[in-house]
Amino acid sequence: MAAKASVITEQFKKAKQRRQKVPLDIKGGSVVKSNESDISVKRISPPSIALSEEDKLDTLREFDLNYKYGPSHDITRIERWNRANNLKKNPPQQIKDIILSDRKYLGPLWEQYNNLIPIN
Amino acid sequence: MESNYDGLTYARPTCSRENLSQKFCKLEDKYSRQYAHIYFMRSELMKNRIESAAKKKWGAEINIKKLSDVVKGEKCCLLGTLFKIMPLQPSILKEISEEFSVPLQSERMRFTGEDDKLVLEDSMQRISLVGNIISHECFTGSIIAVLGHESEHGQFEVEDYTYPGLPPQTEIVHVPKDDEYVLFVSGLGIGAKKEKTMQIQLLIDYILGMLGGKEDHELCAKIIHVIVAGNSLSKDTLDKEFQSKAKYLTYKSEASSVKAMCDLDFFLSQLVPFVSVDIMSGEFDPTNHVLPQKPMHPCMFPSARSFHGSTFHSVSNPYECRIEGVHFLGTSGQNINNLYAYSTINDGLRLLSDTLQLQHLAPTAPDTLGSFPFYDIDPFIIDECPHVYFCGNQPHFASEVKLGEDGQKTLLLSIPEFSKTSCAVLLNLKDLTCEELCIDVDWKEEVDNMETDDPEPEK
């Protein structure tokens with residue numbers, strides 16, 4: 001299952017990145033400066049992340065909605081994870097791995113809605 | 001210069017100075033964030049402190065509860081952020097709301113009223129506070145602990161409340177043997193319609209030892225540092241009219257702030273070759289408006305900046321530093337002036353003392369005091385109790401020593417506005433006492449003879 005999933009996702013990854021225009025604040029100030037080593041988007045197929053796309057999205061959605069780590073609006077997930085880590089709240093390492101595995105997981109849940117423009 | 005006295009020379013000692021304000025200079029370009037993050041960080045960072053203060057005051061066994069677990073009638077202790085609902089507070093929502101068609105509020109100095117209500121918020125819920133807590137003496141954004149019980153009406157009856165208390169303090173390592181003075185001045189008001197150029201020049205001459213007699217020279221030689229606490233430019237330089245005029249009408253004239261900065265640079269260039277100067281940003285100075293304010297850029301000081309790094313330092317607001325081992329922390333007054341407007345406390349020293357007990361420089365930021373939208377820090381939290389806690393641009397000079405429960409000792413200092421009072425403050429680092437230094441001129445014009453009195457420097 002894991003091997004098959006990684007093959008499928010590798011195929012789809014290229015197509016999605018061409019169409020997607022998610023305004024992710026990768027080039028913005030603090031994200032690049034403080035987390036330069038983190039934001040290296042590699043095409044990894046780590047054996048530890050044996051989760052399907054939906055499971056990953058679900059975990060990240062739970063992370064976003066968890067009030068323990070503070071507001072999730074207007075802040076990238078990695079910034080929020082680092083903040084929670086600095087406050088000694090022990091956010092699971094797995095979530096950080098998922099966020100760093102693909103660029104599209106960087107922005108919080110709500111960011112996707114910024115792209116929805118009503119068509120008249 | 002061969003004079004009545006023996007031609008003594010006094011040498012000014014150099015001072016060791018360490019700037020600790022790096023956390024106030026961390027501003028990104030992103031102003032679009034919401035302020036919920038600051039409040040989250042504030043409550044997270046202060047959680048432990050307020051809990052230990054509550055346990056210290058009411059015993060270690062008190063019942064600390066979350067708002068969601070409160071049981072009616074049960075005595076418990078709640079920790080959270082205070083919010084004051086003030087109907088008279090200017091609200092953008094009220095202004096644009098068509099239903100109410102509220103007439104424009106007349107300009108007020110104070111926004112407190114009879115209907116102010118206090119609410120305690122924690123991470124999930126909020127509850128109204130009634131009872132033994134006076135809303136006019138509390139500030140929005142403070143982290144407090146309240147002891148009491150929930151009444152039948154769903155409000156919390158407060159029996160007692162407490163602030164986090166003074167933060168820990170490190171002792172002064174080397175107490176100087178001789179008198180060493182730091183001069184504070186704020187609100188120079190250069191560029192005003194009635195600016196006090198003569199008084200400012202006299203003050204500079206006095207510091208440099210060009211005025212007064214032997215005792216004055218001896219005193220001034222011991223001034224090792226000068227701190228200019230904000231508002232070096234006057235409010236009149238913020239000429240809105242100039243900004244809105246069409247370019248073709250203004251192409252030959254300059255903004256009044258340009259000339260004012262030249263004058264400020266001229267004054268500073270007289271001081272910096274002889275004494276180290278820290279110039280803080282203030283409300284009307286050319287730097288960013290919201291707190292924390294960045295230092296004024298050295299490019300605006302063409303003459304003084306040759307000493308940049310040695311005796312000339314342009315610093316942020318709030319400003320924290322260590323001079324000769326004494327820990328200073330202070331602002332140009334915006335935080336205290338905002339607290340005046342939103343409470344009925346008239347005593348500046350009481351406000352300084354309250355903010356120190358709250359361990360927060362500006363509790364009303366970002367609610368009523370402009371603040372940068374931080375997301376991972378709250379730089380206004382006071383981690384270490386300073387030895388001197390000052391605030392500039394106040395109506396009068398006042399100072400008081402505040403003692404803490406764990407042996408902390410802080411001098412609270414309120415620096416008067418020079419443009420209104422012509423007074424500066426001299427602080428003696430040996431014993432942390434201070435005195436006011438007034439320099440004024442008295443011009444009398446009579447019809448027949450023009451008589452000008454000699455300017456008098458007096459203490």
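How many salt bridges are there between chain B and chain A?

Modeller: The model is predicted, and the count between chain B and chain A is two salt bridges. One of them pairs the side chains of Arg33(B) and Glu79(A), at 3.0 Å from N to O. On the side of chain B that touches chain A, the residues divide by class into six nonpolar, four polar and seven charged.

As for the extent of the contact, chain B contributes 17 residues and chain A contributes 14 residues. About 1,300 Å² is buried between chain B and chain A, and carbon and sulfur atoms give 58% of that area. On the chain B side, the residues that lose the most area to chain A are His37(B), Phe40(B) and Tyr375(B), which together make up 40% of what that side buries.

Away from the contact, salt bridges can be followed within chain B. Over all chains the count is 23 salt bridges. One of these joins Asp160(B) to Lys57(B), with the closest N and O atoms 3.5 Å apart. Asp160(B) belongs to strand 7 (residues 156-162) of chain B and Lys57(B) to helix 1 (residues 36-58) of chain B, so this pair ties together parts that are 103 residues apart in sequence.

The largest pocket has a volume of about 1,400 Å³. It is lined by 38 residues, and those closest to its centre are Met109(B), Lys235(B), Glu283(B), Phe284(B) and Asn337(B). Helix 8 (334-341), strand 14 (388-394) and helix 10 (418-421) of chain B are the elements that give two or more residues to this lining. Helix 8 of chain B gives the most, with five residues. By class, the lining of the largest pocket has 13 nonpolar, 14 polar and eleven charged residues.

There are also two cavities of 30 Å³ or more in the structure. The largest cavity holds about 110 Å³ of space. Among its 13 lining residues, Val185(B), Leu188(B), Ile204(B), Val228(B) and Leu271(B) are the closest to its centre. The elements of chain B that give two or more residues to this lining are strand 8 (181-185), helix 3 (197-207), strand 9 (223-229) and helix 7 (256-271). The lining of the largest cavity has 13 nonpolar residues, no polar and no charged ones.

Most peptide bonds are trans, and most residues other than glycine have a negative phi. The peptide bond from Leu291(B) to Pro292(B) is cis, with omega near -10°. Pro292(B) sits in the loop between strand 10 (276-280) and strand 11 (312-315) of chain B. Asn317(B) and Pro318(B) are likewise joined by a cis peptide bond, where omega is about 5°. The loop that holds Pro318(B) lies between strand 11 and strand 12 (319-323) of chain B. Glu324(B) is not a glycine, yet it has a positive phi of about 50°. Its place is in the loop between strand 12 and strand 13 (326-331) of chain B.

Note on methods
Residues numbered from 1 in each chain as written. Chains lettered and ligands numbered in written order. Predicted model: local features only at pLDDT ≥ 70, side-chain atom pairs only at ≥ 80, totals over all residues. Heavy atoms only, no water. Contact = heavy atoms within 4.5 Å. Buried area = accessible area lost by both parts, 1.4 Å probe. Salt bridge = Lys/Arg side-chain N within 4 Å of Asp/Glu carboxyl O. Nonpolar A, V, L, I, M, F, W, Y, C, P; charged D, E, K, R; others polar. 1 Å grid on protein atoms, 1.4 Å probe; cavity = no way out; pocket = protein on both sides within 12 Å on 5 of 7 lines; lining within 4 Å. Points joined across faces, edges and corners; volume = space filled by probe spheres on them. Helix = DSSP H or I, 4+ residues; strand = E, 2+ residues; numbered from the N terminus.
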